[in-house]
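Good morning, and thank you for coming.

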Amino acid sequence: MKVTVNFDKAIGKIKPMHGVGQPPFVGSNFSLFHYLTEAGIPFSRLHDVGGVYGGGRWVDVPNIFRDFNRDPEDEDAYDFTFTDLLITALMKCGAEPFFRLGVTIENDCRIKAYRIYPPADNMKWARICEHIIRHYTEGWAKGFYYNIRYWEIWNEPDNHCDINKNQMWRGTKEQFFELYGVASKHLKSCFPHLKIGGYASCGFYSVSDSEMSKALSISNTTSYVEHFTNFFNDFLKYVKENDCPLDFFSWHTYDNVKANITYAKYARRRLDEEGFTQTETSLNEWNMEIQLRGTAKHAAMICANILSMQNLPVDTAMFYDARLGVSQYGSMFNPLTKEPFLAYYGFKAFNELYKLGSQVELTLDSEDLYAVAARCENEGCIVIANPTDDDVALEFSDVLNVVECYITEEGRCEEKITPATAIPKNSFITFKVKL
């Protein structure tokens with residue numbers, strides 16, 4: 001495979017594509033957050049941190065404002081105790097919270113649903129969210145002056161086309177649109193300098209013919225995946241007709257790299273077509289082949305997707321997720337040893353590009369491998385990921401002054417090697433170059 005790099009041709013900034021979902025902590029122990037710092041994780045999205053092991057103490061609106069009948073202006077109506085600890089720990093380690101205003105998924109809602117119903121009063125809910133934001137950004141209620149920019153309204157209200165099976169929203173589509181309209185307008189009027197958006201879409205599987213989209217259609221009926229896309233388009237229509245703020249639109253995927261390219265382009269195209277050309281897109285929940293977690297194959301796929309997103313119309317991205325738990329979705333840390341899985345080193349590798357800042361032109365004569373190059377002054381870096389099951393020879397178009405080279409593959413994590421002339425199957429390599 002031929003790799004052509006032009007370090008003299010800048011093509012844009014390296015974007016924060018290596019964010020994560022909930023961070024690695026249990027109880028109130030944040031000792032593993034140093035891994036976030038070491039990988040330069042730019043964002044940690046705070047969804048699903050208030051669930052079973054959270055004990056109902058963290059982040060979720062009803063965990064902070066426990067009695068909806070109380071006055072939103074009353075400081076004593078809020079319990080910020082545990083969320084303060086988490087937010088402060090994240091700010092100290094350099095990972096900016098991407099704050100989801102809403103509730104944790106209720107996986108067992110088929111037995112009984114608790115907090116996933118529409119608020120009894122949309123404006124009151126918006127005012128509660130206003131004071132949560134004021135606590136963390138304006139010091140309200142003995143709070144803080146943190147630079148937390150992104151405030152996301154709800155998560156996956158489109159979770160299922162059957163309300164009785166929806167694990168995130170037991171209301172109608174129209175009821176969610178009304179909540180978003182009221183909350184977004186109120187919050188934007190209070191905080192014009194902050195980014196208000198949502199709604200954390202389940203994704204766009206219906207616009208791809210990937211194996212994932214086929215499987216979802218077969219197991220849930222085609223209307224299930226079509227519902228996600230229709231919900232999105234109806235949401236854009238509502239927001240446009242009602243002049244609602246939409247600083248960012250967030251969406252999710254658990255599909256493969258090539259399908260994700262299709263989804264990212266679709267989201268951007270539809271936003272632009274409806275006039276939302278300044279609205280950012282955030283792929284703030286993604287993973288793939290979760291049954292492979294801990295393997296070199298999974299790590300290479302994860303690194304490939306991060307690299308791919310750099311070249312897609314995506315502004316921020318967050319992997320789901322960095323939790324320390326038994327769930328397969330927690331794909332960055334081994335819950336038994338508390339050590340990083342191989343996938344973690346893909347985030348570290350991308351951070352080498354992110355630290356340099358300026359992306360430069362790079363081309364590959366392969367559609368199955370992924371690479372990005374960056375530079376700053378006399379330093380350059382190239383990261384190449386091979387998520388295939390074949391070793392691939394590398395041929396650079398120019399002689400590079402490689403000063404350090406690191407590989408992550410089966411049995412090796414971020415191991416220093418002599419400059420590679422081939423990239424093994426299911427691996428990724430970082431080349432540090434002196435210019």
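**A walk through the predicted model**

I begin with Thr-253, which lies in strand 7 (residues 248-253). Helices here are DSSP runs of H or I with at least four residues, strands are runs of E with at least two, and both are numbered from the N terminus. What we have is a predicted model, in which local features need pLDDT of at least 70 and side-chain atom pairs count only at pLDDT 80 or more, while totals for chains, interfaces and linings use all residues. Residues are numbered from 1 along each chain as its sequence is written, and side-chain values use heavy atoms, with hydrogens and water left out.

Is Thr-253 buried or exposed? Thr-253 counts as buried because its relative accessibility is 0%; buried means under 20% relative accessible area, exposed means over 50%, and partly exposed lies in between, with a 1.4 Å probe and protein chains only. Leaving aside residues up to four places away in sequence, Thr-253 touches Tyr-205, Asn-260, Tyr-263, Leu-283, Glu-285, Trp-286 and Asn-287. A contact here means heavy atoms within 4.5 Å.

His-131 is found in helix 4 (residues 122-137). Its contacts, again not counting residues up to four places away in sequence, are Pro-72, Glu-73, Tyr-78, Phe-80 and Trp-140.

Eight strands form an open sheet of mixed pairing, in the order 14-1-10-11-12-18-15-16. Its edge strands are strand 14 (395-396) and strand 16 (412-416), each of which pairs on one side only. Two strands are said to pair if DSSP finds at least two bridges between them.

Let us follow the sheet from strand 14. Strand 1 (residues 2-13) pairs with strand 14 in the parallel sense, over 2 bridges, and Lys-2 has Glu-395 of strand 14 as its bridge partner. With strand 10 (residues 358-364), strand 1 pairs in the antiparallel sense over 7 bridges. There, the bridge partner of Gly-12 is Gln-359 in strand 10. Gln-359 also stands opposite Ala-374 in strand 11. Strand 10 and strand 11 (residues 370-376) are antiparallel, with 3 bridges, and a hairpin of 5 residues joins strand 10 to strand 11.

Next, the largest pocket. Rolling a probe the size of a water molecule over the atoms shows where empty space is left. On a 1 Å grid over the protein atoms alone, a pocket is an open set of points where a 1.4 Å probe fits, with protein on both sides within 12 Å along at least five of seven lines; lining residues have an atom within 4 Å of a point. The volume of the largest pocket is about 1,500 Å³, where grid points are joined across faces, edges and corners and the volume is the space filled by probe spheres set on the points.

Which residues lie nearest the centre of the largest pocket? Of the 50 residues in its lining, they are Asp-48, Ile-105, Asn-107, Tyr-320 and Arg-323. The elements that give two or more residues to this lining are helix 6 (211-220) and helix 7 (222-241). By type, the lining divides into 24 nonpolar, 16 polar and 10 charged residues. Here Ala, Val, Leu, Ile, Met, Phe, Trp, Tyr, Cys and Pro count as nonpolar, Asp, Glu, Lys and Arg as charged, and the others, Gly among them, as polar.

Tyr-320 brings me to the backbone. Most residues other than glycine have a negative phi, and most peptide bonds are trans. The bond from Tyr-320 to Asp-321, however, is cis, with omega near -5°, and Asp-321 is found in the loop between strand 9 (316-319) and helix 10 (344-356). The bond from Gly-198 to Tyr-199 is also cis, with omega near 0°; Tyr-199 is in strand 6 (residues 195-201).

As for phi, Val-59 has a positive value of about 60° although it is not a glycine. Val-59 lies in the loop between strand 3 (43-46) and helix 2 (61-64), and counts as buried at 0% relative accessibility.

Finally, the cysteines. How many disulfides are there? The count is 0, with a disulfide taken as a pair of cysteine sulfur atoms within 2.5 Å. For Cys-381, the closest cysteine sulfur, in Cys-405, is 9.8 Å away, so the two are too far apart for a bond.
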